[in-house]
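Please open the structure in your viewer and keep the selection tool at hand. The stops below say what to select next and what is there.

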Amino acid sequence: MVLRSRPIFSLLLLFLSSYGFSTAFASGSAIEGGEEDFSEELLLKPLPDRKVLAHFHFETRAPRTPSYGRHHHLFPKAIAQLVKKFHIQEMELSFTQGRWNYESWGGFEPIASSNAKPPGVELWAVFDVPPDDVDASWKNLTHSISGLFCASINFLESSTAYAAPKWSFRPDPGSLRYGTLPREAVCTENLTPWLKLLPCRDKAGISLLMDRPSIYRGFYHSQRLRLRSAKTSSDGTHSSIILEQTLTVVLHPDSQKMSTVNSREPTLQPSWSMSSLFGKKISGTCVLAKSSTVYLQLDWGVVRELKNLENGNQVLGVASIMEESFVSNPAFVLSDKPDKVIREVDSRSEESAILYEFSVRKHSDLGPFDLGFTWKTPVVWSCPQLPLRVSRFLMGSGNERGAIAISFRSARAREGLTHAKSMGESCKVDVNVFQVVPWYIKVYFHTMKVFVDGKPLAVSDIIEKIHVSPSEDKVSPGVLEMILKLPCTVDSAAFTLEFDKGFLHIDEYPPDANQGFDIPPAVITFPTFHVNMHFGEDNLSKKSAVLSRFQENIPVRSYTEVLLVPLTTPDFSMPYNVITITCTVFALYFGSLLNVLRRRVNEEERFLKSKGKRPSALSRLLSKLSAKLGGKRVVASQSSARSSSFISLKLILKIILVAGIAIAWQYFSE
Amino acid sequence: MAEITESPESSPDPPETKSEQREEFDPETMRRTKPGVKRLVLTFSVLISFVIGFPFLWKSVEIYRAPLLFDDIDLLSKRMESEPLRFPCNFRAVFVGFDFGSADFDRADDLQSSISNRMDKFVSGTSPCGTCSSNYSVSVTMESNSRCIQSQSGRHSCSYQCGAISSIDFRGDDESVDDSLERVLGGECSGLAGKVYTVVIVNKDAEDKAIIGKYRHAWIVGRVQEEEAVEKIAEIFVKVFSNGGKEEGLIHGEFMPVGADGRIVLSFNLLNSDPQDWIYDWDFNMIEEHMLSPVVDTLGPVANITVESQVLYYTPKSSYAYWDEELKSFILNTGDLPFFVNSNEWHLDTSTAAGGRSKVLQLVLYIPSAKECPLNLQLPNGEISKANGYISPMWGGVVVWNPMNCFQDPEKYPAWHKISPQDLQKIFEVFVAQIRQLVGLKSDNLFIGTSVRSIMLASEKGFTEWELDALTRQHTCFNLWSCATTLSSLSRLVQSLPRMIIMDEIGKQVKLSMEAAKQAESDASHGIYAAAAVSARQSRALAEDAFFHPSIMSVSYYSFEHCFAVYSPFFLPVSLHVVLAALREWKRYRQEKKKYLTWKARVDASS
């Protein structure tokens, strides 16, 4: 087994050694520009409803060099090969469990717009191939990803499962395909392959916190993988591909600690620390990461409340929560001193969010890093709301028809309509709706009705642009894309669409067909509203991947609920029942026809006459029995023997009569 | 109806009055008219139509099965088993500096026959597939003072300039001798099937040595007797040029690590077992450009090779190494090697880019962590392995590389290092040697036979020409063998499942595969190596395609039980009716006919 080497490359040695040393790394420095790099970040944020948001963000970047897809140092080879093989320009895959609570966890902020995802699996991809090859690439991609992530994403392969939105999902998409699997269950078998793509996996660094039971116990869990290209040089000759892996969880701080706090002060928010949320601490950085940072974000709502508190107390200056040197303030205590305080610069209002930055390397120097957050005074605040709250529901009953309704209610959010209102009566809110409907929900688009503030309006008054591709049975789903223009003063708006429920072929039903069928969520985008945070310092975005994502101009987006439509479920043993009953009827008919054909009526009568002279064995037995019972002799009746021969014919006639009546009854009662 | 045809003896006491009135006619036992055949014909026509209709029904529920050439497949697999592929080879021995007179024209022929005899002795026994045993030709040329005599068989072909070999200076260094021999002998041969291998015997006062060159020739220099030379020549021909210089029982041809589509993916992995201690990186582009691409190009005729690499972190090994005070290192025994690869932590993915049925060979460079550094592999004889690596056939190879600064205290924050080109050079020499072993060649440069101990010159490309010839032969043979086994298992599968649908496409693939296999066989027998290799590869790929066709894998065949369940509710009761009716009518007809005949007999008797 163990071998000795051969002097094969002796000629090459001289040549190689001449330039080999010059490329050696300077020790300790991060990887040079133009090489692959990796960074890890965690953002923690207390939520108004006593929960805590944890947002893990890992970013790996690889330049598009000739060896791309073959030789990699940090970037996962499997993903690079996918990108290269299927010519992926952009792709996003998310696995989500639970529903993002837009009202209490916020809707008008970067995390909600880009990380709040519909339950189950959502996948979209933009391909860099000729339009005819896009579908083939998509199908192959779904199969590859399915294997890579141990999920049934291959169900998105069928043309009934995905759609090609033109403009409503993303502006200027090129060759975009979009598909969702609302019923996909998400669990650790999906997280493990996702972690495998990180250079440190969950062996070191921030990902050490990903304790499976704590994560899956949370209220919301969304694991996302996003691929995008970025131009690294101004002339566009050098580009790189960025793999962004995020995990967004909403957790409830340990209930035991909360209850002790609760007994003293009922409205006090629960205090938490990393170890109480995840059951683990960060014991070191991932040494491969360019940067390893933890952020604690306080929303503008909290900041405003805290400022009010400080102003009321007059104990500390207004700037206290802004100072880097602070350890405690009247509202809360942090267990570690932040390295830096970053303040959002918002032109529109006075209050703005605050981010405390903790470098993991610095804080885990002496021992495991366990950031704790303790509230001292009860604070009540609310999160930035969506311009319009969207919900979707079903109307109607029965297994034949129904209607989908999407309703918008004004939230009167701070940045939203109040801001726009100042522009006067003519101001309009653009709402972009993208809805995919499976083919067995046959939507009649002409039945669309629009109600604004309870009053029905003409469809053309509200809809600025609409694109409908009706569904084709067993071929493609129905797609509705439209831009609604609602007046700014609107309180509520709704539109409804009627549909018929279709029939599926027996082998198209999924297992457990009685559960019903899911309609994928509608994607609502507000193209005129953008979430972006501005920070005072310019070089921040270069340092931090999360903050640079926050600074991007993302349109506000929200997903509606998944709808569950019950369809008529057949009795799956029915084909066999039908076969059996039909065959029996045919056999009965055939047998009796054959008997009738070979019946000899004259002979039978003659035979009966001769037989009538003496009772049959059965009647003799019967008469003997009755005689014994009654104690007297009974003359055997002739009629009993006579009827026995005609019984079959009469019985058949009777049965046919009854069946005929039953059929007629069924037919006329319809 | 039972009552109607009831036999008359069921009525025990016949009416007395009637028998008294007409004694000559008893209606119970005789009748006056001929029994009618109307009903009999009716019931029988129904029965017969059922019987006739049955084959049509059977045909309609029959499933489609494309005809497969079962007999041909059996023939092919039998042929592959009984007589392995025979490649023709031509061996040429050139004797330089032996004395022969002008009348010694038979001497070359004598030498030729004695070499052939020796070779037959070496070949004796079963010869593995892919060698040119039992199908070779030997020619002998004697050259002395610009005078040449040739044996009968070699006279018309492969002429080289007589006396050219004598002029070569065999005292020069081996590389230059090899090159000058190639210039003389490497010319085109006409009219010969297969490759020509030459051994040159130089009889002169010099240090005895035997050298096998990079091309298709070897030379022996020294004072040798003719008998001794014949022995040596025969051994080199058989063991080296024909068998590829392999040790017996190392890796068999069946374990050729080439995918069914004729592709190999070499996946190089650099494993930093604990990046907290140190992180190493490599410049793989440079390695590929300068070291691997010649190897990949050389192996082109055997397999289409692609190279990939990745660096993985936090990948501890799964076996335990102990500290050896004498050797001042951590030692891993040969017995621990099966547990070295940690499949939980080493994510050596299969390549998505390759797809299909390519073979992925994992080549792993393992860098131990500080607490197990230096890590050395121990040979069974107690020595430390120089290459510090091992191979696992069909999986790949592992090389352990110990960083220089093993005993240095690791820094708090590990530094990024790049493995120096010199170190990489050494590591990749080992990797190439491992690849050679994985495809079934020797990894060292000494050939030790029973009579000859020779040095093999190594090629810069990693593989010499005669080694490639041997590999091509072996690979062709293995592909054909694998095609035959795949097809025969397909035919067994198809024959064992009579209700399985077989698509036309499968039939077509099987047919094409058989054609390619035949083509490969005929090419091989004509000595066209490249064409035979291509056809053999194609035949194997087609056979695998047919075997793994999705319609075979997924279509659950419509079972006979299912068919029975669907049709029995109708046919069981109806056939009961039809058969019973036919039976009764037949019985009644016979009975009535008997009655008529008795009456007729009585009438005839009375009249």
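Begin by selecting A:Gly147, which sits in helix α5 (residues 134-148) of chain A; helices (H or I, at least four residues) and strands (E, at least two) are DSSP runs, numbered from the N terminus. This is a predicted model, in which local features need pLDDT of at least 70 and side-chain atom pairs count only at pLDDT 80 or more, while totals for chains, interfaces and linings use all residues. Residues are numbered from 1 along each chain as its sequence is written, and chains are lettered from A and ligands numbered from 1 in the order in which they are written.

Is A:Gly147 buried, exposed or partly exposed? A:Gly147 is partly exposed, because 15 other C-beta atoms lie within 10 Å; a residue is buried with 20 or more other C-beta atoms within 10 Å of its own, exposed with 12 or fewer, and partly exposed in between, the C-beta atoms being placed from the backbone.

Next, select the whole of chain A, which has 19 helices and 26 strands, and of whose 670 residues 37% count as buried. Colour chain A by its domains (bounds from an automatic or database domain assignment): domain 1 (35-119 + 182-375), domain 2 (388-540 + 555-565) and domain 3 (574-669). Where domains 1 and 2 of chain A touch, the contact takes 22 residues from domain 1 and 20 residues from domain 2; two residues are in contact if their C-beta atoms, placed from the backbone, lie within 7 Å. On the domain 1 side, α3 (102-105), α4 (110-115) and β12 (340-343) of chain A each supply at least two residues.

Then move to B:Val199, one of the residues with the most contacts inside the largest nonpolar core, which has 289 residues; such a core is a set of buried Ala, Val, Leu, Ile, Met, Phe, Trp, Tyr and Cys residues joined through C-beta atoms within 7 Å. Helix α9 (residues 465-496) of chain B gives the largest share of this core, 12 residues. Not counting residues up to four places away in sequence, B:Val199 touches several residues, including B:Ala93, B:Trp219 and B:Phe237.

Finally, select residues 40-58 of chain B, listed by UniProt in an unreviewed entry as "transmembrane region"; such annotations may be inferred rather than shown by experiment, and the positions are given in the numbering used here, with feature names shortened. Over residues 40-58 chain B is 100% helix and 0% strand, with the end C-alpha atoms 27 Å apart.
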